[in-house]
Amino acid sequence: MEIVTVVIMLLIGVFGGFISGLVGIGGAIIIYPAILLLPPLFGAPAYSPYIASGLTSSQVFFSTLSGSLKARKKAEFSSQLIIYMGGGMIIGSMLGAFLANLFDTTFVNMTYIIIASLALILMFIKVESRSGEPAFNKPLLVIIGLLVGIISGIVGAGGAFIIIPILLVLFKLPMNTVVANSIVIAFISSIGAFTIKLIQGFVPFEDALFLIIGSILFAPLGLKLSKKIPNFIQKWIISILIIVAIIQLIF
């Protein structure tokens, strides 16, 4: 394995892990296009979308695992939200990971762009957060989790970049509650996608190792810093990451 590839994978993992903790996402929104585009720019071998998807799933799994261990101790943690939406997502992500092999590269990338664009639109819809203890529509949580899981399984993402605007707009949850729970939901979802892609042989261990190391080390740091970041800044960070990812994949 070339040293330049090691450095690139490590830096991508560091950034992805930090972002996952900071705004409650798995990091796939930026990790997937970064894995596709950065190695060739520095003279390293390019990855196919299927391998990039597999590597992304490994990074998401370990970064969200690391962040979840911290997030579950927060007062905003909701076991009800985790169980119902997370349960739907783990089933959907496994199904999506199986379906991914049926589609070509263009379809996988277009799916990513379309879903990211929809998530971006939702981020700019202003709603008043509900006060007090939230009451959830359990069947709706499961259905949304299932659909988001299928999509996230196709591209190897945890789906948190979709979960966050849905929880903000549809369920009207405050940002601190969303961040505390979305990273745990993304971890649950990533279990299915990561397992399937590992079995399918789309996760090269040497390459994934350095992604994982960077993610595990920096996800807790991002989560700790998130307590000091205002809600509107967190929203803008997520929105900017989505825009960058869309531009990268289009051009």
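How much space lies in the largest pocket?

Guide: The model is predicted, so local features need pLDDT of at least 70 and side-chain atom pairs pLDDT 80 or more, while totals for chains, interfaces and linings use all residues. Residues are numbered from 1 along each chain as its sequence is written, and side-chain values use heavy atoms, without hydrogens or water.

The largest pocket holds about 320 Å³ of space, a volume filled by probe spheres set on grid points joined across faces, edges and corners. A pocket is an open set of points on a 1 Å grid over the protein atoms alone, where a 1.4 Å probe fits, with protein on both sides within 12 Å along at least five of seven lines; lining residues have an atom within 4 Å of a point.

Seventeen residues line the largest pocket, and Met123, Ile125, Lys126, Phe232 and Lys235 lie nearest its centre. At least two lining residues come from each of helix 5 (105–123), helix 7 (160–169) and helix 10 (231–250); helices are DSSP runs of H or I, at least four residues, numbered from the N terminus. Helix 10 contributes the most to this lining, namely five residues. By class, the lining of the largest pocket comprises 12 nonpolar, three polar and two charged residues (nonpolar: Ala, Val, Leu, Ile, Met, Phe, Trp, Tyr, Cys and Pro; charged: Asp, Glu, Lys and Arg; polar: the others, Gly among them).

Elsewhere, residues of helix 4, including Met85, Gly86 and Met89, meet residues of helix 8, including Ile185, Ile188 and Gly192, contact meaning heavy atoms within 4.5 Å. The residues of this contact between helix 4 and helix 8 divide into 14 nonpolar, five polar and no charged.
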